[in-house]
Amino acid sequence: MQQRSRNPYSSAEIDRSSLERDNEERMIELASSGEARFVPIDSEKNLVKSGGMPEAVFLQGMMGRAVAGAADHHIFLGYVDGAPYFAVDVTGKDTPVSTLGDFVDLRQVGALLFAKEGSILAYARGMTYWHRRHKFCGVCGSITTVAKGGHVRRCTNESCKTEHFPRTDPAVIMLVHHGDKCLLGRGKQFPRGMHSTLAGFVEPGESFEDAVAREVYEEVKVRVKNVTYRSSQPWPFPASVMIGFHAEAESLDYEVNLDELAEARWMSRDDLKPENMPKDGSFFMPRRDSIARRLIEEWLGHEAGPSISG
Ligand SMILES: [Zn+2]
């Protein structure tokens, strides 16, 4: 298989050092060391230095300790270039961090950040999102406490003690093609003119391939075959991983399910040449940092879509 570059937000450069999470003393030692970096999150937003090119803000030293002290707990993310990183949720806390930058939605700036920074911010955001929604046990309703470096929440009810783990919901995303055409759709929430690949969540009891076939049929009444995996992308917005495929349609006949999509259309390779795109904004493709765009670019035979540095 051809060597592919990584998709944005993937965490190959983060050593998660997952075995260390069990060692509570080690977690405390790392968090209180001068090397520790803290990644603050406020209401699912990441701290980014604004003005010029955006840059992730990681807190160290006095500022790091002040913010870490204000947070309810620290989430050990792992090591980056030898330094331990921790996510801290500062939502509703009185901290001085807002003087260092702005809390922004990562999706607005992710494409402009260094890949490594984007990966750390996405991971931190995904983890704090999960914590904020699992303060109580889903089995018995009791309060949960944080364990294993922030990678487990344990029920405090002695007769329950259920351990809860961070959730990632798999979603399939697929470029449907037939001969020289591919099918692009516009979701109801998409910006005007943006057309993309089809996508949907995997349901319990489904393989990824089953989910591709079901979602495509649900959205456009097309039967697919030759479903082939291409690549995946973490998508913690709020809690997904996108698993990308190409899928061959059995025919060009289709019928848009208007409960799911605003519209869909077959586009030829020629239609998708930049010079043939409408200039009035009525049709454009998804952003270059998305797996959707990569799936399209790969089908077009261009080099792998996302340009990845770092
Ligand atoms: Zn419980």
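I started with Glu44 in this predicted model: with 18 C-beta neighbours inside 10 Å, Glu44 counts as partly exposed. I checked its backbone next and found a positive phi of about 65°, although Glu44 is not a glycine. I placed Glu44 in the loop between β1 (37-42) and β2 (45-49).

Then I went to Tyr9, which also is not a glycine and has a positive phi, about 80°. I found Tyr9 in the segment before α1 (24-31). Buried or exposed, I wondered about Tyr9? I counted 26 other C-beta atoms within 10 Å, and the cut-off for buried is 20 or more, so Tyr9 is buried.

I noted both because most residues other than glycine have a negative phi, and most peptide bonds are trans. Pro238 sits in the loop between β13 (224-235) and β14 (240-249).

Next, the cores. I got 36 residues for the largest nonpolar core, and Phe38, Val39, Leu77, Phe86, Ala87, Val88 and Ala124 have the most contacts inside it. Elements supplying at least two residues each include α1, β1, β2, α2 (61-70), β4 (75-80) and β5 (83-89). Which element gives the largest share? I found that α4 does, with eight residues.

Leaving aside neighbours within four places in sequence, I have Phe38 in contact with Phe58, Leu59, Gly64, Val67, Ala68, Phe86 and Val88. Apart from this core I logged another, of 34 residues, with Val202, Val220, Ala247 and Ile291 among them.

Notes
Residues are numbered from 1 along each chain as its sequence is written. This is a predicted model: local features need pLDDT of at least 70, side-chain atom pairs count only at pLDDT 80 or more; totals for chains, interfaces and linings use all residues. Helices (H or I, at least four residues) and strands (E, at least two) are DSSP runs, numbered from the N terminus. A residue is buried if 20 or more other C-beta atoms lie within 10 Å of its own, exposed if 12 or fewer, and partly exposed in between; C-beta atoms are placed from the backbone. A nonpolar core is a set of buried Ala, Val, Leu, Ile, Met, Phe, Trp, Tyr and Cys residues joined through C-beta atoms within 7 Å. Two residues are in contact if their C-beta atoms, placed from the backbone, lie within 7 Å.
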